[in-house]
Amino acid sequence: KDVGSLDLLVAASLQLAPCEPGGSFRVVCHRRGEHDFGSRDVEHHVGTRLSDHWGLTPDLELPDQVLCIEIFQNLAFVGLCWPEELLRKEIAQMRRSSQRPLNRAELKLREAYAEFGLAPGPQDRALDLGAAPGGWSRVLAETCREVVAVDPACLDERVRSLPNVTHVQSRAEDYLVQAAPTYDLITCDMNLDPAEAAALMVRAAVHLRPGAPAIMTVKFQTRRRRKHVEEVLALLANDYEDFRVRHLSHNGKETTLFMRRRAQ
């Protein structure tokens, strides 16, 4: 119960070996019960000691590995894992829709809406790159006047039948060459190398209204998450601004990037 227990948590954590030498880490603590310390106290105390001992860099946003501490009054569980291996409870607000989710991607975009305060309006036109099977297009269609879903693969029938969804059965690169409309929102959840996805969003920028938002998923190819994100931001910087990077509950080996097209 008292703060002396923090050193016990440090001692227990030191019995673990880092998943990978070097890189970065974060301590995450969830606590139940009455204690003379809070979860943030645990994270700071244990994190500082482990950083000195392991030689790893603390990183709260995109850690390469995560030390988890679960405390239930006088009992604690300590474990070390990759970020994508964390067990997470589904967020309550994701259950607003009465229809069964099409896939995990649908839940991911709903969570992004809440995280970034995004609320497409009834007059908005949205472009969904790499749309199949249609999870993001389905969410966009709930509020947008028109959704153009671009993907050479087929959309799920539940999405294809929506009156405000137009499926362009083409590669995104080919569509952007001939696309004429200006959109109020562009999304991209394509399973591409981060640099390739960023290059695609650069090409799409000309079709996005200045100041309008865009959302893309950064798919990690290695465990160096921050390196991937920094590479993507550098490629996008000339065309976009107001960047926000979040690892959402429904992200796997990826993170979600929000941005706005630069005013011309």
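Let's begin with Arg 171, which sits in the loop between S7 and helix H6 (172–178). Keep in mind that what you're seeing is a predicted model.

So is Arg 171 buried, exposed or something in between? It comes out as partly exposed, at a relative accessible area of 44%; for that label the value has to fall between the 20% and 50% cut-offs.

And which residues does Arg 171 touch, once you leave aside its neighbours within four places in sequence? Those are Val 150 and Pro 152. Then there's Asp 151: it is 20 residues away from Arg 171 in sequence, yet the C-alpha to C-alpha distance is 5.7 Å.

Now, the sheet. Seven strands make an open sheet with mixed pairing, and the order goes S7-S6-S5-S8-S9-S11-S10. At the edges you have strand S7 (165–168) and strand S10 (240–246); each has a single partner strand, so one side of each has no neighbour in the sheet. From one strand to the next, the twist averages 20 degrees.

Let me zoom in on one pair. Strand S5 (residues 125–129) runs parallel to strand S6 (residues 146–150), with five bridges between them. Ala 126 is opposite Val 147 in S6.

Helix H7 (residues 194–204) lies across S5, S8, S9, S10 and S11, and runs at about 165 degrees to S9.

That's my tour, thanks.

Technical notes: Residues numbered from 1 in each chain as written. Predicted model: local features only at pLDDT ≥ 70, side-chain atom pairs only at ≥ 80, totals over all residues. Heavy atoms only, no water. Pairing = 2+ DSSP bridges. Helix = DSSP H or I, 4+ residues; strand = E, 2+ residues; numbered from the N terminus. Axes fitted to C-alpha atoms, helices over the stretch in contact; angles between N-to-C directions. Contact = heavy atoms within 4.5 Å. Buried < 20%, exposed > 50% of the residue type's maximum accessible area, 1.4 Å probe, protein only.
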